[in-house]
Amino acid sequence: MIKYALEDMSNMRIKIIRTGGTIESVPSENGLQPSRADFSFIKSDHEIKYAFPFTVDSSDLNGENVLNIANIIKNDTDDALVITHGTDTMCYTAAGLSFLLGNIGKPIILTGSMYPLCDNNSDGYDNLQFAVDSAQSIKNSGVYIAMQGRLIHGAKAVKMHTHSVKAFASADGKDTPFPNATGVGDNFNHNIKIEYITPFTTEISTDNADAVLLCGYGAGNLPSRLKIPDNTHCYLLSQCQVGAVNSSLYSTGVNAVNKGIIPLNMALPSAVMKLAIAYTYEKEIAKQIMQTEYCGEFLC
C-alpha cells in the first residue's frame, strides 16, 4: 500500500458524493437495485457532508454523469472528496476524472463494494471507512480507487474479477502515487469506437468514428491480414488487463505500427476516457494528446 505524509487538518471537511452502485443496493424481485443506504457507521473526527447527484446502477452510467461529478468537484470547497460508486464502471469514472481534473489540489477517492451494505458480510463497510480514512490523511492530490485496503491510481485501475472482493488492481501491478497532473479537457466526444480483435477479424470498420481503439493481443499485436482504412486514427492496446504494451517485440506488432497504428501503453478504461476527451480537439492535436502523458497514465 502507498504511504503518504500526513497533513495537520484539524478542521477538515470531507464530502461524500453518493452515486448509487452495489454498495447502496437493495434486493428486489428483479435483482439488486440502487437505493440509499445508512452511512452512520463511518467513523471520523472531521465534518462529513453528502451530495446526491444521481443514484444509478453503474452499468447505466454515462459520460454526462462523469462530467456532473467532475463539475461538482471543481466547484466544491471541501478539503477532500469520497465518491461511492458501482464497481462495473468505477475504473472509467476514475480515469475520466483523472483527465478532467488534473491537479485539483485535493484527494478524490472512489470506493464501492462487491456486496451491498444490506449484506452483513459486505465488503462495503471496510472499503468506505478506508476511503474516508485515506481522504482525511493523505497529502497527495489526485484521483484514487480505494478497495480492500489498497489505493490504486485512478488512471491505472482495472477490474479483474466479476465477484471477488479483491476485484481491482493496477494495470502495471504497482501502487503508484498520483503525480502533479495536468487536465486534458472538459468534455467528451462520443464519436469514438472500440474494437476487440479476434481470430475472425479481417478488417476494421470505422463507422465514421473520429478515432478507433483496437484491443489487440499480448504485448500489442495485430494479425498481419488486418485491413486498416486510410486516414483513420487507430490506436492499439492489449486485451490483457495487466502489463505494458511493447509492439516492437514481435513482427506482427511492428507491422501494425508500420501501418500507422499508434500503440498506447495504458489501461483500457483510461485509454477510452482519454480518447473521448482528446477528440474534442482537432484531430492532429488529439493525436498529440494521446501520445503525451498528463497524469501518470502510462504503464511502467
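Strands here are DSSP runs of E with at least two residues, helices are runs of H or I with at least four, and both are numbered from the N terminus. This is a predicted model, in which local features need pLDDT of at least 70 and side-chain atom pairs count only at pLDDT 80 or more, while totals for chains, interfaces and linings use all residues. Residues are numbered from 1 along each chain as its sequence is written, and side-chain values use heavy atoms, with hydrogens and water left out.

Is glutamate 24 buried or exposed? Glutamate 24 is buried, at a relative accessible area of 2%. Buried means under 20% relative accessible area, exposed means over 50%, and partly exposed is in between, with a 1.4 Å probe and protein chains only. Leaving aside residues up to four places away in sequence, glutamate 24 touches Arg18, Gln33, Pro34, Ser35, Arg36, Ala37, Phe39 and Thr84; contact means heavy atoms within 4.5 Å.

Now another loop residue. Arginine 225 lies between strand 12 (211-216) and strand 13 (234-238), and arginine 225 counts as partly exposed at 41% relative accessibility. Its contacts, again without residues up to four places away in sequence, are Thr198, Pro199, Phe200, Thr201 and Thr202.

On to the chain as a whole. The protein chain has six helices and 14 strands. Its C-alpha trace spans about 60 × 45 × 30 Å along the principal axes. Of its 300 residues, 55% count as buried.

The largest nonpolar core has 78 residues, and Ile73, Val82, Leu97, Ile109, Ile145, Leu213 and Tyr235 have the most contacts inside it. Such a core is a set of buried Ala, Val, Leu, Ile, Met, Phe, Trp, Tyr and Cys residues joined through side-chain atoms within 4.5 Å. Apart from that core lies another, of twelve residues, including Val212, Leu222, Cys234 and Ile261.

Leucine 213 touches, among others beyond four places away in sequence, Tyr235, Leu268, Ala271, Val272 and Leu275. Which residues of helix 5 are buried? They are Leu268, Pro269, Ser270, Ala271, Val272, Met273, Lys274, Leu275, Ala276, Ile277 and Ala278. Helix 5 (residues 268-278) is thus mostly covered, with eleven of its eleven residues buried.
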